[in-house]
2 protein chains.
Amino acid sequence: MKREIEILDNFIRERGLRHTPQREVILRVFLSIEKHLSVDELYTIVKRRNPKIGYVTVYRTMKMLEDAGLCNEIDFGDGVSRFEHQYGHGHHDHLVCLKCGSYIEVINPEIEKLQDELARRNRFVPLKHKLQIFGTCNKCLG
Amino acid sequence: MKREIEILDNFIRERGLRHTPQREVILRVFLSIEKHLSVDELYTIVKRRNPKIGYVTVYRTMKMLEDAGLCNEIDFGDGVSRFEHQYGHGHHDHLVCLKCGSYIEVINPEIEKLQDELARRNRFVPLKHKLQIFGTCNKCLG
DNA sequence: AGTTTATTGAAATTATATTTCAATAATACA
DNA sequence: TGTATTATTGAAATATAATTTCAATAAACT
Ligand SMILES: [Zn+2]
Ligand SMILES: [Zn+2]
Ligand SMILES: [Zn+2]
Ligand SMILES: [Zn+2]
């Protein structure tokens, strides 16, 4: 947590932006929850801590945290963007349960390597990728 | 084309739905273009053939064609759904160029196999998946 | 303390997806 | 062929999430 607050402060200082209590609260709440959160979900939780903070500030702060490398926007294709922790979390892919909405984070170096090869064979320079496997999780199989 | 029209007609008959000129025109236009098309793009083209056809009819017809197995909705995460041909086109993944918006369709059986293994190891039953690699295509590297 | 200007937050706007509903037209049947 | 039934159409309305606008506020600097 401390390190992430530092990163935010550096990001703010380097760009001549301003440290505000809103930004710090939003970052703290975001970091305290090890989940993928939509702006709306985060806003609801942040409001409990400080009812004065508005939705748009949460929205803008998350965009800023993304620029600062502290969070990552993900899209499961259901029309809602979600954010996940980025600092200290390596790249991973997702198994998304269509019944309960839960997800498992996975990483497979072999798949990653094959993807790079696939891109190279098509003379394509890969920047990032999205791999999501949709199905039914163990709990929902019951 | 003939075979796809047949599939649509069977789908319509089996369910007690009705064959309409709109549905046939939309399917014919869709099949005639080997591209990923949004409802809006398709609507613009369809209107040239028959200006009476409305956006919503194109929208609903595409949903129906998807049910009939004739098209597949894809989402590159830019807020617009696009449709691609499904009949006679096997599963594939996409390399999407962030500069020009073009895409390359690719398939790598090894990646597909590793994905299934990855799911199984997590006691997850995969139904479908989405693999998109974003970057720069050969033409845009110039 | 005063000045500058980034930030905030409510409201407005944008953009796409989806629903509603009265009019229309495809199908079944007398 | 005409009539009844009901699926379909298309314009308009609505839903939903993302994004922009702008006047008021408050950090940061002198
Ligand atoms: Zn990956
Ligand atoms: Zn994740
Ligand atoms: Zn695949
Ligand atoms: Zn494709």
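Glu84(B) is buried, at a relative accessible area of 5%. Buried means under 20% relative accessible area, exposed over 50%, and partly exposed in between, with a 1.4 Å probe and protein chains only. This is a predicted model, in which local features need pLDDT of at least 70 and side-chain atom pairs count only at pLDDT 80 or more, while totals for chains, interfaces and linings use all residues. Residues are numbered from 1 along each chain as its sequence is written, chains are lettered from A and ligands numbered from 1 in the order in which they are written, and side-chain values use heavy atoms, with hydrogens and water left out.

**View 1. The zinc ion (ligand 4) and its donors in chain B.** Donors are N, O and S atoms within 2.8 Å of the metal (3.2 Å for Na, K and Ca); water is not among the atoms, so sites may look incomplete. Along the chain, the donor spacing reads H-x47-E-x7-H-x1-H-x10-E. His36(B) sits in the loop between α2 (21–32) and β1 (37–38) of chain B, and Glu84(B) in strand β3 (residues 81–85), so this pair ties together parts that are 48 residues apart in sequence. Helices (H or I, at least four residues) and strands (E, at least two) are DSSP runs, numbered from the N terminus. Is His36(B) buried or exposed? His36(B) is buried, with a relative accessible area of 6%.

**View 2. The zinc ion (ligand 2) and its donors in chain A.** The protein donors are His36(A) (NE2), Glu84(A) (OE), His92(A) (NE2), His94(A) (NE2) and Glu105(A) (OE). They lie 1.8 to 2.4 Å from the ion. Their spacing along the chain is H-x47-E-x7-H-x1-H-x10-E. Both His92(A) and His94(A) are buried.

View 3. Glu112(A) is buried, at 16% relative accessible area.

**View 4. The interface of chain A and chain B.** Here 34 residues of chain A are in contact with 34 residues of chain B. Contact means heavy atoms within 4.5 Å. The two chains bury about 3,200 Å² between them, 68% of it on carbon and sulfur atoms. Buried area is the accessible area (1.4 Å probe) that two parts lose on being put together, summed over both. How many salt bridges does the rule find across the interface? It finds 0, a salt bridge being a side-chain nitrogen of Lys or Arg within 4 Å of a carboxyl oxygen of Asp or Glu. The rule does find 10 residue pairs in polar contact, both residues at pLDDT 80 or more. A polar contact is a pair of N or O atoms within 3.5 Å; within protein, one must be able to donate a hydrogen and the other to accept it, and residues adjacent in sequence count only if both atoms are side-chain atoms. On the side of chain A that touches chain B, the elements giving two or more residues are β4 (93–97), β5 (103–106), α5, β6 and α6 (138–141). The largest share of that side, 12 residues, comes from β6(A).

**View 5. Cys97(B) and its surroundings.** Cys97(B) lies in strand β4 (residues 93–97) of chain B. It is buried, at 2% relative accessibility. Leaving aside neighbours within four places in sequence, Cys97(B) is in contact with Phe124(A), Ser102(B), Gly135(B), Thr136(B), Cys137(B) and Cys140(B). The C-alpha atoms of Cys97(B) and Glu34(B) are separated by 18 Å, and the two residues are 63 residues apart along the chain.

**View 6. Thr61(B) in helix α4.** This helix of chain B spans residues 55–67. Thr61(B) is buried, at 3% relative accessibility. Not counting residues up to four places away in sequence, Thr61(B) touches Arg23(B) and Ile26(B).

**View 7. Arg123 in chain A and in chain B.** Arg123(A) is in the loop between α5 and β6 of chain A. Its phi is positive, about 50 degrees, although it is not a glycine. Arg123(A) is exposed, with a relative accessible area of 58%. Arg123(B) is found in the loop between α5 (109–121) and β6 (125–136) of chain B. Arg123(B), not a glycine, has a positive phi of about 45 degrees. Arg123(B) counts as exposed at 58% relative accessibility.
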